[in-house]
Amino acid sequence: MQQGNPSFYQYTLEELRELFNSHELPPTGPALLFNWHYKKRMKVPCVTDLAKISRTFVAENLDFTLPEVDVVHESQDKTVKFLFKLRDGLKVESVLIPFNGKYSICISSQVGCAMKCSFCFTGTQGLKRNLATEEIIGQFIGAQRWLTENRPDDDRILNIVFMGQGEPLHNFDAVKKACEIFLNRNGLCLAPHKITVSTAGYIPGLERWKAEMPDVNIAVSLHSVIKEKRDKLIPINQRYPIEEVSKFAESIPEGRMRFVTYEYLLIKNFNDSPEDAHATGKFLAGTKAFVSLIPFNPFPGTEYERPEMSTVESFKTILDTYKIPVTIRKTKGDEILAACGQLNTKEDRSLRS
Ligand code: SAH
């Protein structure tokens, strides 16, 4: 394995096949490598059936280095937050969220974020850079290895959500490739409805999604249908208004999308009133929408507060009258700043000390 060579984890199976083909290597190699690295999780000593010539090629030309696990925080509810150190020293976070003895993983697509949403801790960091495909895949593999080592009895990660740091559709190519690798039958073989990519509503990314994205779920961060409020929460609403985002998301054809979830962050005395709920109900009634209500997770220095649970319930009751399927997202991992919107690589230093 050579550092400085292209990373094995940046290749989709198809690309690896092209690489093998261009070097006239046996065509069975790529699927064997995918199987061993992703499905078998390298538990057996090596890819025994890989031809010697391919094994030499791989050893001399590909790099298998993954982001380093720098810090791990475990919360009482079994949520685990990872801080990964990337090759250039920058850091990025991922979170394992437990459910029924299994896990969902929330992964990051960028270091920081350019969106500057006023309620999001990551946004206060600004954008440092996009993650490469192998750095996205590496978060999954790193978390998986940690689980297998530390919680061998319940080490299954069954869902992937791109809801960590960054705007996934700002880093379309790497996110798309990572989804293709996650879905590949020779690889992790995740079912399409197990992957969700969340966006603040970046229409150029949705345009590409319509033409190129594999079949995964889309989540749109809604948070308000009232222009002045959404403009304040998600500044790109001024450029790409939610009406257009929503139309676009709903028009993505089957085969490129499973279903649309609208995430609605509830902030005390800002977007949590019965009027807000009715406006949201009217906006979404008759669409294919699912709504996920997220009580705001506070972070150091924020002007916003989390509403009472009774307010969240009342909001849901109003949406129910519009026949919109609604769930309330349970907050997990907030004592280690691992809940939605609490990821901020800088702040982690103080958390550690
Ligand atoms: N950029 C993408 C994905 C990252 S945010 C997007 O905007 O969708 C993932 C989810 O966490 C979004 O729904 C976002 O609105 C939510 N979120 C961000 N900050 C939050 C906070 N402080 N409390 C609760 N949810 C938050």
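The largest cavity in this predicted model has a volume of about 460 Å³. By cavity I mean, on a 1 Å grid over the protein atoms alone, a set of points where a 1.4 Å probe fits but cannot get out. Grid points are joined across faces, edges and corners, and the volume is the space filled by probe spheres set on the points. The structure holds 1 cavity of 30 Å³ or more.

A lining residue has an atom within 4 Å of a point. The lining divides into 15 nonpolar, 11 polar and 4 charged residues. In that division, Ala, Val, Leu, Ile, Met, Phe, Trp, Tyr, Cys and Pro count as nonpolar, Asp, Glu, Lys and Arg as charged, and the others, Gly among them, as polar. Strands β8 (195-199) and β10 (257-266) each supply at least two residues of this lining. Helices (H or I, at least four residues) and strands (E, at least two) are DSSP runs, numbered from the N terminus.

A word on conventions. Residues are numbered from 1 along each chain as its sequence is written, and side-chain values use heavy atoms, with hydrogens and water left out. Local features need pLDDT of at least 70 and side-chain atom pairs count only at pLDDT 80 or more, whereas totals for chains, interfaces and linings use all residues.

Strand β10 also contains Thr261. Thr261 is buried, with a relative accessible area of 15%; buried means under 20%, exposed over 50%, and partly exposed in between, with a 1.4 Å probe and protein chains only. Thr261 touches Ile218, Ala219, Val220, Phe290 and Ser292, not counting residues up to four places away in sequence, where contact means heavy atoms within 4.5 Å. Pro325 is 64 residues from Thr261 in sequence and 9.7 Å from Thr261 in space, C-alpha to C-alpha. Pro325 lies in the loop between α10 (309-321) and β12 (326-328) and is partly exposed, at 39% relative accessible area. With residues up to four places away in sequence left out, Pro325 touches Ala289, Phe290 and Val291.

I turn now to helix α2. How many of the 11 residues of α2 are buried? The number is 9, and helix α2 (residues 29-39) is thus described as mostly covered. Among the buried residues are Leu33, Phe34, Trp36 and Tyr38. Their cover includes α1 (13-22), α3 (52-61), α4 (133-150) and α5 (172-183). Just after α2, Arg41 takes a positive phi of about 50°.

Aromatic contacts come next. The structure holds 18 aromatic pairs, a pair being rings of Phe, Tyr and Trp (its six-membered ring) with centres within 6.5 Å; planes under 30 degrees apart count as stacked, over 60 as edge-to-face and the rest as tilted. The rings of Tyr9 and Tyr38 have centres 6.1 Å apart and planes at 70°, so this pair is edge-to-face. Because Tyr9 lies in the segment before α1 and Tyr38 in helix α2, the pair ties together parts that are 29 residues apart in sequence. Tyr9 is buried at 1% relative accessible area, and Tyr38 is buried at 2%. Ring pairs link Phe8, Tyr9, Phe34, Tyr38 and Phe64 into a cluster.

Finally, the charged end of Lys210 sits over the ring of Phe248, 5.1 Å from its centre. The criterion is NZ of Lys or CZ of Arg within 6 Å of the ring centre and within 35 degrees of the ring normal.

Methods:
1 Å grid on protein atoms, 1.4 Å probe; cavity = no way out; pocket = protein on both sides within 12 Å on 5 of 7 lines; lining within 4 Å.
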